[in-house]
Amino acid sequence: MIKITDFDAKLHTNFIKEVFKASFPEYNINELERCLKLTAEQIVKCVIAEYNNRPAGFMFYRTFPEFSYCEYIGVSAEYHNKGIASEIISDVCSDGRQWVFEVEKNKGGRSIFKKFGYVENPYKYDMPRSEEINPGVEYKLWSKYPLSIFEFNKITEILLTDSDF
């Protein structure tokens, strides 16, 4: 059984560190520390997916007035293919808002977004701090419906000018 719970720093920090390192091995670990700090400051939200009462996955996300933005989704290797990421997306992203996901262009995992009806936007996306986080990687924004160039530019402008991003 999968249950989505709120992040508790005392219970879940070590779990998230372990899964983040395994899920994003090429990423600078300072990126995780940034997310944890912003979660403590209640700027970034984090949920934990539990499978049979054990932490199995997580999602960091932010809510802006115009849209919600997923920073990271990670699932422990022992719980792959058990519907953990699907349950997180289904539970958290079912609020009727426009959700935006930042996805590495040449990495697997895009099928989960297609499963939920998200689409890859064709516009060039210069992810903030990409050279600091994961140099040389191209990213795409996925959203619940295709964004017009105006909507896309508005979202990227908000992300690029946000001082906490």
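Across the chain, the average is 88, and 92% of the residues score at least 70. Where pLDDT is low, the predicted coordinates should not be read in detail.

A quick word on the ground rules. This is a predicted model, in which local features need pLDDT of at least 70 and side-chain atom pairs count only at pLDDT 80 or more, while totals for chains, interfaces and linings use all residues. Residues are numbered from 1 along each chain as its sequence is written, and side-chain values use heavy atoms, with hydrogens and water left out.

**The sheet**
- Seven strands make up an open sheet with mixed pairing, in the order S1-S2-S3-S4-S5-S7-S6; strands are DSSP runs of E with at least two residues, helices are runs of H or I with at least four, and both are numbered from the N terminus.
- At the edges sit strand S1 (2–6) and S6, each pairing on one side only; two strands pair if DSSP finds at least two bridges between them.
- Helix H2 (residues 29–40) packs on the sheet and touches S2, S3 and S4, where contact means heavy atoms within 4.5 Å.
- The direction of H2 makes about 120° with that of S4; axes are lines fitted to C-alpha atoms, for helices over the stretch in contact, and angles run from 0 to 180 degrees between N-to-C directions.

**S3 and its partners**
- S2 and S3 run antiparallel and are joined by seven bridges, with alanine 49 partnered by glycine 57 in S3.
- Two residues lie between S2 and S3 in their hairpin, and asparagine 52 in the turn has a positive phi of about 50°.
- Strand S3 (residues 54–63) also pairs antiparallel with strand S4 (residues 68–75), over seven bridges, and a hairpin of four residues links S3 to S4.
- Facing S4, tyrosine 61 stands opposite cysteine 70 and arginine 62 opposite tyrosine 69.
- S3 is mostly covered, with seven of its 10 residues buried; buried means under 20% relative accessible area, exposed over 50%, and partly exposed in between (1.4 Å probe, protein chains only).

**Asparagine 121**
- Asparagine 121 lies in the loop between strand S6 (119–120) and H5, and is buried, with a relative accessible area of 1%.
- The side chain of asparagine 121 reaches the backbone nitrogen of leucine 147 at 2.8 Å.
- Leaving aside neighbours within four places in sequence, asparagine 121 has contacts that include Trp142, Pro146 and Phe152.

Conventions:
pLDDT = per-residue confidence, 0-100. Polar contact = N/O pair within 3.5 Å; in protein donor to acceptor, adjacent residues only side chain to side chain.
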